[in-house]
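The sequence and the model are shown first, and the notes follow.

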Amino acid sequence: MLSTQVVNQTRRLAVPASAVGYNRKGDQPHTAPVSVKSLGKASNGVSVATLDGRGPVSSLALVIGAGSRHEESPGVAHLLKASLVRARPGDNIVRTYREFEFRGNTLYTSVSRENIIIGSNFLRDDLVDVVPGLINQVFNPSFQPYEFLDALPGVSDETAASLANPTTRVLDTLHHIAFRRGLGNSLFATDRALNNLKRSDLQAFASAHFTAEKIAIVGSGVAHDELEALVNSSFDGVAVPSTSGAAPSPASAYFGGETRISGSGPSHVAIGFKSEAFTNIHAHATSLVLRAVLDGTQRLKWGSTSGATGLLAKAAAPGTDVTAFNASYTDAGLFGLYIKGNAANVKSVAHRSIAAIHSVASINDADLSRAKKAAIVDAEVSVNRDDLIADIGRQVLAGGNGFMTVGELAQEISKVSKEDVAQAAKALLSSKSSVVTYGDLSKLPYADEL
């Protein structure tokens, strides 16, 4: 082994002594200093955020604070997402699709617990066409009855396909058990919810939430000044209220509890605990490091399905895996364990997993260093273009002093100490758990047995 001493660092390289030799002053920067981030406002008060420096392909999205947590009528956010691209007055919906397709651009809509998003990926020169195209769809005054009716079957099929996946169903149910309302509202519009929704419900929901204070236009790989100018010109003649005047959505409260779902196939158990919001930057970074300390994911193609270095690696059993997850929102968070496999092993795996959380207080410096590196890697590789836009948008809508890039998050992660992680683990275990079990319920333990 070759030991190379550099300023502030020691590197041990598993290569012959003649192969590598270098000297570096200080730490390597977390990111190359090429991306330029900017935040401003259009003339009507809509937020405009950009992160420029990602090559010839650009991404743009309108991120609207109208996710499922804001629903008063169940399923309205999901149905509105599916109805967002419509025929404009005097135009045809086919023209909209073809204009995007002919340029090689994408067009998509999505909904999360906090936001509805309409976005596109395109070559940098097409920004001038994409900006008005997206804005005109969001503020399209036309909503014909047939468009409402046409969206219903697709939403029903989307819900059925999503909830047929046990993992999706369990995690959606876990949020309901943890938060009940708000963040506990389901992401999916069930057939029962669709039967109760009217076109006027969607129009009222859009009127309440499609306001300047709840919209962020986010671009990646675009020039900020050009985007802001195009946004102002595209909004010319479009009435965008600064606020709806409606009462703001209440803050999410954590409750906890248990529910059991009968199903076939492998058993699934999710155990959640109250965690921190992403707006609490250091606490959020600590949660990411804690998740990496526990880990439980397969990090190598040829490695164990439960990993080899996280504390949960020893908690798994043959045929039964356990992983840690962290979901952070504007004002709350949900941290937990997800167990999947043989029903006979679930109870013992859960016991060892909870013991692993207790043992976080005794990790050493090497464990913490590994976890920080893993947390930074996961923060980068788990985010694609669309996820990056969504993350910037939710940060901007949450207020504060702008948004944090992955590089800046990496710097915050590097500041996390063993004491921070130990305190976070202790706080998890002091909260009431939320437990969802799925499978053969005659063989699966209850929450108080875990």
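## Charges over rings

Arginine 260 lies over the face of tyrosine 446, 3.8 Å from the ring centre. Lysine 37 is placed in the same way over phenylalanine 403, at 5.2 Å from the ring centre. A charge sits over a ring if NZ of Lys or CZ of Arg is within 6 Å of the ring centre and within 35 degrees of the ring normal.

This is a predicted model, in which local features need pLDDT of at least 70 and side-chain atom pairs count only at pLDDT 80 or more, while totals for chains, interfaces and linings use all residues. Residues are numbered from 1 along each chain as its sequence is written, and side-chain values use heavy atoms, with hydrogens and water left out.

## The sheet

Five strands make up an open sheet with mixed pairing, in the order E9-E13-E10-E12-E11. Helices (H or I, at least four residues) and strands (E, at least two) are DSSP runs numbered from the N terminus, and two strands pair if DSSP finds at least two bridges between them. E9 and strand E11 (320-328) are the edge strands; each has a single partner strand, so one side of each is left without a neighbour in the sheet. From one strand to the next, the twist averages 15°.

Two helices are placed against these strands. H5 lies across E9, strand E10 (267-275), E11, strand E12 (333-341) and E13, and runs at about 150° to E13. Helix H10 (residues 343-358) packs on the sheet and touches E10, E11 and E12, its direction making about 145° with that of E12. Contact here means heavy atoms within 4.5 Å; axes are lines fitted to C-alpha atoms, for helices over the stretch in contact, and angles run from 0 to 180 degrees between N-to-C directions.

## Strand E13 and its partners

E9 and strand E13 (residues 434-439) run parallel and are joined by 6 bridges. Arginine 260 has threonine 437 of E13 as its bridge partner, and isoleucine 261 stands opposite tyrosine 438 in E13. E10 pairs with E13 in the antiparallel sense over 5 bridges, with valine 269 opposite threonine 437.

How many residues of E13 are buried? The count is 6 of its 6 residues, where buried means under 20% relative accessible area, exposed over 50%, and partly exposed in between (1.4 Å probe, protein chains only). In a regular strand the side chains alternate between the two faces of the sheet. In E13 both faces are covered, with Ser434, Val436 and Tyr438 buried on one side and Val435, Thr437 and Gly439 buried on the other.

## Strand E11

E11 and E12 form a hairpin with 4 residues between them. The two strands pair in the antiparallel sense over 9 bridges, and threonine 323 stands opposite tyrosine 338 in E12. In E11, 7 of the 9 residues are buried, so E11 is largely enclosed by the rest of the structure.

## Aromatic pairs

A search of the whole structure finds 3 aromatic pairs. Rings of Phe, Tyr and Trp (its six-membered ring) pair if their centres lie within 6.5 Å; planes under 30 degrees apart count as stacked, over 60 as edge-to-face and the rest as tilted. The ring centres of phenylalanine 139 and phenylalanine 235 are 5.6 Å apart and the planes stand at 70°, so this pair is edge-to-face. Phenylalanine 139 is in the loop between helix H3 (127-138) and helix H4 (145-163), and phenylalanine 235 is in the loop between helix H8 (224-234) and strand E9 (257-262), so the pair ties together parts that are 96 residues apart in sequence. Both phenylalanine 139 and phenylalanine 235 are buried.

Phenylalanine 179 and tyrosine 254 form another edge-to-face pair, at 5.9 Å centre to centre and 85° between the planes. This pair links distant parts of the chain, 75 residues apart: phenylalanine 179 belongs to helix H5 (residues 166-179) and tyrosine 254 to the loop between H8 and E9. Both phenylalanine 179 and tyrosine 254 are buried.

## Two loop residues

Histidine 70 lies in the loop between strand E5 (57-64) and helix H1 (76-82). With 15% relative accessibility, histidine 70 counts as buried. Leaving aside neighbours within four places in sequence, histidine 70 is in contact with Gly65, Glu114, Phe205, His209, Lys214 and Ser249.

Serine 362, in the loop between H10 and helix H11 (365-381), counts as exposed at 59% relative accessibility.
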